[in-house]
Amino acid sequence: MAPWIISLIIISIYCIAVILIGIASRDKGVSTLENYYVGGRSIGPFVSYFTYVATFHSSFAFLGAAGQIYTNGINFFAVFTSCVVSPLMIYFIGRPVWYLGKKYNFMTQADLLSSYYESNVLRMIISVVSLIFLVPYLQSQIMGGGIIFETVTGGRVPYWAGTLIIYIVMISYILLGGFKAVAWTDTMQGLMMIFLVWIGGGVVLGKVTGTLDWSVLMNRVAQEVPEKLIIPVEYWPTYMTTFMSLFGISIYPPSFIRFYSVKNPKTLKWLAVTSPIYLIFFYVPIFLIAFSGILVMPGLERADMVLPAMLSSYAPPVLTGLIMAGALAATMSTADSQLHVTSSIFTIDIYKPFINKDATEERALFVGKIAIVVVSAIALLMSQFTNALLVAIVAVALGGCLQILPSLLGALYWKGITKEGAITGIIVGVVVLCITQFVIASPLGLHSGVWGLIFNVLSCIIVSRFTEAPSNEKVEMFHGYIREINEEQDRAKYGSVLPQTAGTNL
C-alpha cells in the first residue's frame with residue numbers, strides 16, 4: 001500500500017474519532033449557554049490540563065516551529081521561553097476569575113469587565129478587538145490543516161479539499177457538544193501530540209546520527225552550522241520582549257474561557273505549575289527534527305515543510321501518518337477553541353446586549369451555533385487567499401490580546417483604574433501595537449506587543465487619575481468578594497489567628 005494512502009487512512013480515522021467524541025459529549029437534556037460555552041463549570045483536572053495545553057499549541061507547533069528553528073536556529077528560544085512564563089498568568093488571574101464567574105455567571109472577558117466598569121462601550125471594544133485577532137488566527141489554522149492534507153497525500157488531496165474537510169469535521173463536533181466536545185477532543189489531541197512527536201523525534205535522531213544521544217547531533221550542528229546556535233547581540237532586545245508579549249497566550253480568549261470551565265479552582269493553581277512541563281517537553285523533539293533537517297536537508301524551499309519532509313524520508317509510513325495526524329490534532333485543538341470562543345463572544349457580548357436583550361437561552365444558543373457555521377465559513381473562504389496583512393495580524397494576535405491585561409488587573413486587584421482609563425488604555429495599546437508592527441517596526445528592538453502594553457498602562461493610569469472610579473457597589477462585588485474568599489480560605493488554613501499575609505492567597 002502506498003505511504004500516502006496509509007497516512008490518509010490514519011488521518012481519516014482520527015477525523016471520525018473526534019466526531020464520535022462530539023456525539024458522546026453532547027448534552028442529553030436541554031442545553032444552556034453555561035453548558036455550551038463553559039461546560040457547565042464542571043470540567044475536571046485531567047481534561048482541563050489537556051484542553052489548555054492542546055489549545056496552547058497550534059499547527060505552528062509542528063510546522064511553524066520546526067521551520068523557525070530550521071531557518072533561525074536557537075533564536076526560537078524566545079518563543080520556547082514563553083512556555084514557562086505564560087502559564088504564570090493562570091496563577092495570578094485564573095482563580096479570582098473562576099470565583100467571580102461562578103458567582104455572577106460570567107462566561108467571557110467582556111462579560112466580566114463590562115460588569116465591573118459598568119460600560120457596554122467597553123464590552124463592545126473588547127469584543128471587537130478579540131474578534132479582529134481571533135478570526136485571522138482561525139483562518140491560519142484552517143490553512144495549516146489544508147497544508148497537512150496536501151503534504152501527506154503528495155497533492156492528491158488538494159489544499160482546498162483539505163481545508164474543507166477541516167471545516168466540516170470541526171463544526172460537526174462543536175455544534176454537537178459545545179465546550180465539552182472541544183475539551184474532550186483536545187484531551188485526545190493533547191495526548192496524541194506529545195507521544196507521537198517524541199516517537200518521531202527519536203526515530204529521526206536515530207536514523208540521522210545512529211544514536212539517541214542528543215549531544216552527537218548538537219556537536220555536529222556546532223561544527224557544521226555554528227551560526228544556528230548563536231543569538232546575535234543585536235537580537236537580544238527583541239528576544240527578551242518577544243516572550244514577554246507572549247504572556248498574552250494565557251489571556252487569549254480561548255485560554256481565558258477555560259478559567260470559567262473548571263470544577264474546582266485549585267485545578268487552575270496546579271495547571272499554572274504543571275502545564276509548562278508539557279509545553280516545554282513538546283518542543284524538544286521538534287528541535288531534534290529541525291536540527292537534523294539543517295544537517296541532511298539544507299536549502300529547503302519551504303522551511304515549514306522540514307518536519308513532514310524529514311518524517312517522509314526517515315520514518316516508516318505508519319508512523320509518518322500518525323505524526324501528521326498529531327499535527328492535524330495540533331491544528332484542530334487550537335482552531336476549535338478559537339471558533340467556539342468566537343461564538344461565545346458574538347452571542348454573549350454582542351447579540352444579547354445589543355441586538356436582542358430579551359432573547360431566551362434557547363434562542364441565543366441557536367444564534368451562537370449559526371455564528372459557528374458562518375464564522376468558520378468566512379475563515380474557510382479566507383484560507384483560500386492570503387496576504388501580508390492577514391499574516392501580520394496573526395503575528396501580533398497574542399500581543400493584541402495582551403492589551404486587555406491592565407483593565408483585567410483593575411477588576412481583580414487594583415481599584416485605581418476607571419472605566420475611561422480602561423477604554424483609553426485598550427485603544428491606545430492596540431493603536432501603538434499596530435504602529436510599532438506596521439509603520440515603525442519594533443523601535444529599539446522591542447516587540448510591538450510590549451510597546452503597546454507600555455503605552456496602554458501609561459494611558460490607563462493617567463486617564464484614571466482624572467476620571468471617576470468604579471462605584472462602591474461594583475468594587476465590593478469584585479474586590480470585596482475576592483477579599484471574603486481569601487479570608488475564608490485563610491481561616492480554614494490557619495484557624496482564628498491569621499498571619500499578617502492573610503487575605504492575599506488568590
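Select Glu34 to begin: Glu34 is partly exposed, with a relative accessible area of 26%, where buried stands for under 20% relative accessible area, exposed for over 50%, and partly exposed for what lies in between, using a 1.4 Å probe and protein chains only. This is a predicted model, in which local features need pLDDT of at least 70 and side-chain atom pairs count only at pLDDT 80 or more, while totals for chains, interfaces and linings use all residues. Residues are numbered from 1 along each chain as its sequence is written, and side-chain values use heavy atoms, with hydrogens and water left out.

Side chains of opposite charge can pair when their charged atoms come close. Is Arg41 buried or exposed? Arg41 counts as buried, because its relative accessible area is 4%, whereas Glu34 is partly exposed.

Arg41 lies in the loop between α2 (33-38) and α3 (45-56); helices here are DSSP runs of H or I with at least four residues, strands are runs of E with at least two, and the numbering starts at the N terminus. Look at the backbone of Arg41 as well, where phi is positive, at about 50°, although Arg41 is not a glycine. Most residues other than glycine have a negative phi.

**Asn105, between α6 and α7**

Asn105 is placed in the loop between α6 and α7, and Asn105 counts as partly exposed because its relative accessibility is 36%.

**The two domains**

Now colour the chain by domain, with domain 1 covering 3-390 and domain 2 covering 403-490 + 500-506; these bounds come from an automatic or database domain assignment. The C-alpha centres of domain 1 and domain 2 lie 27 Å apart. Where the domains meet, 33 residues of domain 1 are in contact with 39 residues of domain 2, contact meaning heavy atoms within 4.5 Å.

How much area do domain 1 and domain 2 bury between them? The amount is about 3,100 Å², with 76% of it on carbon and sulfur atoms, buried area being the accessible area (1.4 Å probe) that two parts lose on being put together, summed over both. Select Tyr99, Tyr116 and Tyr117, which supply 24% of the area that domain 1 buries against domain 2, more than any other three residues.

Across this interface the rule finds zero salt bridges, but seven residue pairs, both members at pLDDT 80 or more, are in polar contact between the domains. A polar contact is a pair of N or O atoms within 3.5 Å; within protein, one must be able to donate a hydrogen and the other to accept it, and residues adjacent in sequence count only if both atoms are side-chain atoms.

On the side of domain 1 that touches domain 2, the elements giving two or more residues are α6 (88-104), α7 (109-117), α8 (120-152) and α11 (236-245). Of these, α6 gives the most, with 10 residues. The residues of this side divide into 23 nonpolar, seven polar and three charged, with Ala, Val, Leu, Ile, Met, Phe, Trp, Tyr, Cys and Pro counted as nonpolar, Asp, Glu, Lys and Arg as charged, and the others, Gly among them, as polar.

**Further salt bridges**

A search of the whole structure finds seven salt bridges. Select Asp111, Arg123 and Asp349, which are linked in a network of salt bridges. Then show Arg302 with Asp304, whose closest N and O atoms are 3.5 Å apart in a salt bridge; Arg302, at 42% relative accessibility, counts as partly exposed, and Asp304 is partly exposed with 25%. In the salt bridge of Glu476 and Arg483 the N to O distance is 3.3 Å, Glu476 being partly exposed at 42% and Arg483 partly exposed at 36%.

**Two last stops**

Which residues does Ser459 touch, not counting residues up to four places away in sequence? Ser459 touches Thr424, Gly425 and Val428; Ser459 is found in helix α21 (residues 448-465) and is buried, with a relative accessible area of 15%.

Finish at Phe366 in helix α16 (residues 361-383), which counts as partly exposed at 47% relative accessibility. Draw a C-alpha to C-alpha line from Phe366 to Leu217: these residues are 149 residues apart in sequence and 55 Å apart in space.

Terms used. Salt bridge = Lys/Arg side-chain N within 4 Å of Asp/Glu carboxyl O.
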